[in-house]
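User: I am new to this structure. Could you walk me through some of the labels used for it?

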Protein chains: 2
Amino acid sequence: MGRHSDNGEADGRATLSDVAARAGVSPSTASIAFSGQGPVAEATKARVLAAAEELGYTGPDPLARSLRTGRSGIVGALIPQRIGTSFRDPVIIQTLDGLAEELGQGGTGLLLLSERTRETDRVSLEAAPIDALVLLGCGVSSPAAIAVLHRRGVPVITIEGEPSAGVANIDVDNRGGTRLLAEHLRDLGHRDVALVTLALDVGDELAPLTDAALEAGTLRPGVARVHGARDVFPAAPGIIASGSTIADGRAAGRMLLDVEASARPTAIMAQSDLLAAGVVFAAQDLGLSVPADLSVVGFDGVRIDELPMPLTTVSQPAQEKGAAAGRAVVELLDGGQPESRCFPVVFERGGTTAPPAER
Amino acid sequence: MGRHSDNGEADGRATLSDVAARAGVSPSTASIAFSGQGPVAEATKARVLAAAEELGYTGPDPLARSLRTGRSGIVGALIPQRIGTSFRDPVIIQTLDGLAEELGQGGTGLLLLSERTRETDRVSLEAAPIDALVLLGCGVSSPAAIAVLHRRGVPVITIEGEPSAGVANIDVDNRGGTRLLAEHLRDLGHRDVALVTLALDVGDELAPLTDAALEAGTLRPGVARVHGARDVFPAAPGIIASGSTIADGRAAGRMLLDVEASARPTAIMAQSDLLAAGVVFAAQDLGLSVPADLSVVGFDGVRIDELPMPLTTVSQPAQEKGAAAGRAVVELLDGGQPESRCFPVVFERGGTTAPPAER
DNA sequence: CTGTTAGCGCATTCAG
DNA sequence: CTGAATGCGCTAACAG
């Protein structure tokens, strides 16, 4: 007893075959009518569509279509922490925005995956129905899982990731940009400069920057920016922040500034604008005036509305970075071999830097 | 010429059948060995796993598995605007965080979908391989698309959505919470109170609040909060903001405050903490002191670090809201029928409200 | 506990 | 331009 063509729209589960039967054509013709992948007579197509309408058929089942074509139309975006944490960083959001927009053009969806997963759901990365994976601000990130994807034929691309063989990496000039800022401070006359860094490794807590931590660091942006600063101030000490937030910057700033005046740096280089804003607030908390008593620079070019003056910083094209990653993914899925790319940053002189006060 | 069991790992595309053949068991047994859905002898299981290892087989193809089981393991989250816009709102982020965490427990992924899609990619919502859809801060939102999902058997749940038949809605007490704040202001002696509202409809721009706009409003939170305020101050005028940002709040605040003193409200109720912070900054811009010259209240209970004092506001359990939605989805997929739910908010007296200045 | 038998719903060869 | 057959890779029944 076939279940085709005998039920009207009783169980609401019409298939393409049902539609074809009702329209008096073969399933393959009906398929073409829907996908447009092939020639159909207008009249036939109309008949098929009408039959579909009558049966309440709304289009091919995505699951079946996926199995057949070998593609799900979804790419994964792996972020380092849980959403509530990672998404406090405007750079991540903008990057994701650019990525989603670019992919959306082709009807591709974005599946959010978090690097920090419990043991139990580690499956998700390895078993996710994705056509490609984008690593966003992640470290080496479960190399095992990546290997599995590779073997499954799922291509990977990274954003500010570890340059590794065969995966395209979308980068920004972290080291050069930071060096620019450091040179700016040096030219103003600063010699005692301290750093507030991003996390250098997953799980970093607010702590003094050590050589060991720097060498063990797996998170590119933080590590590269330390190097950029040290290109100019080789002995600059620092504090490692755990996240890129105003609160973290404020705490780190306090650690650096709440000491006797002679031990206080004349400038602080924060590795993100959010951290820099926090440092400015920390200075204010301690009665120091910026930039008279302390110069502060950031990184990113995010506008911090609530700061009394614009930050001296370098701006990076976060959204464009995501869009580039999106285009790379598309190219990859089209069988191409996208190239790695490094975006420049642009120096922006704000109101938070000035020559150091006389001592 | 079968392609099973004759190739080692030549083309890297081993299937479960290949593994089964190599292990000398049937495909179904191998399947069970991987999924754990059924009884297998430890020894057999080990043999299967060993064979898989040798063939470089890393587990069942998610696409095939999905077709067979009828589930993709993915739920969609529909947000009102593009990521870069929607994710500027910490409440949305926290809600999404709670949702993702709860779903992640069961290995379910989150697919990001945006309500604001071009004509071309409108397919994605209708053709996305999702097991359920969560509407997050959306309006009635492409009713057509929703209907399609319904017919396809994809259940929908809403967060602060339009209560509609058959879909569970996770809500917060927007009206009651705002009324609480209004009563607080009234008790302090305020009579001239103005509002800064969230967008009442998709596409709203910064503009004065009119009755027409209020009645046409489709975005629950904004509309409900206006009603809550008007329960106490029936004639309160207002400005509709387009987004929940400090910048918008500042602009709206300026419109309300940059007038002759006699026409100035003594208190402003902003519908989000971000908007409220903007209003505080606007007041400062104009040389008004908060709360001496102007009282300000927010909504949400988001901590705004950069404000000189904590806001008087009501806090809502944003993350818990998302988690509740997640649990509802799980229940739905288990064949249950989750109930709608409304979370309470809690009043938090901060430092931004005081009795009005003498006139 | 394991094997056998059937499809899930569709897109694609290849003939006509 | 249309139709008939084939299997994507897997899992759910049941039978042994």
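Predicted model: local features only at pLDDT ≥ 70, side-chain atom pairs only at ≥ 80, totals over all residues.

User: What touches A:Val196, and where is A:Val196 found?

Analyst: A:Val196 is found in strand E6, residues 193-197 of chain A. Contact means heavy atoms within 4.5 Å. Leaving out residues up to four places away in sequence, A:Val196 touches residues including A:Ile239, A:Ala252, A:Met269 and A:Val279.

User: How do you know what span is expected of helix H14 of chain A?

Analyst: The expected span is 1.5 Å times one less than the number of residues. H14 (318-333) has 16 residues, and 22 Å is expected. From first C-alpha to last, H14 reaches 23 Å, close to that value.

User: What do the buried residues of H14(A) pack against?

Analyst: Among the partners are strand E1 (74-79), helix H6 (90-105) and strand E12 (341-343) of chain A. The buried residues of H14(A) include A:Ala318, A:Gly322 and A:Val329. Just after H14(A), A:Gly335 takes a positive phi of about 90 degrees.

User: Where does UniProt place the HTH lacI-type domain?

Analyst: The unreviewed UniProt entry places that feature at residues 14-69 of chain A. Over this stretch the chain is 70% helix and 0% strand.

User: Which domains does the domain assignment give chain A?

Analyst: The assignment gives domain 1 (1-59), domain 2 (61-172 + 317-344) and domain 3 (174-315). The centres of domain 1 and domain 3 of chain A, taken over C-alpha atoms, are separated by 63 Å.

Note on methods: Residues numbered from 1 in each chain as written. Chains lettered and ligands numbered in written order. Heavy atoms only, no water. UniProt positions renumbered as here; feature names shortened; annotations may be inferred. Helix = DSSP H or I, 4+ residues; strand = E, 2+ residues; numbered from the N terminus. Domains from an automatic or database assignment. Buried < 20%, exposed > 50% of the residue type's maximum accessible area, 1.4 Å probe, protein only.
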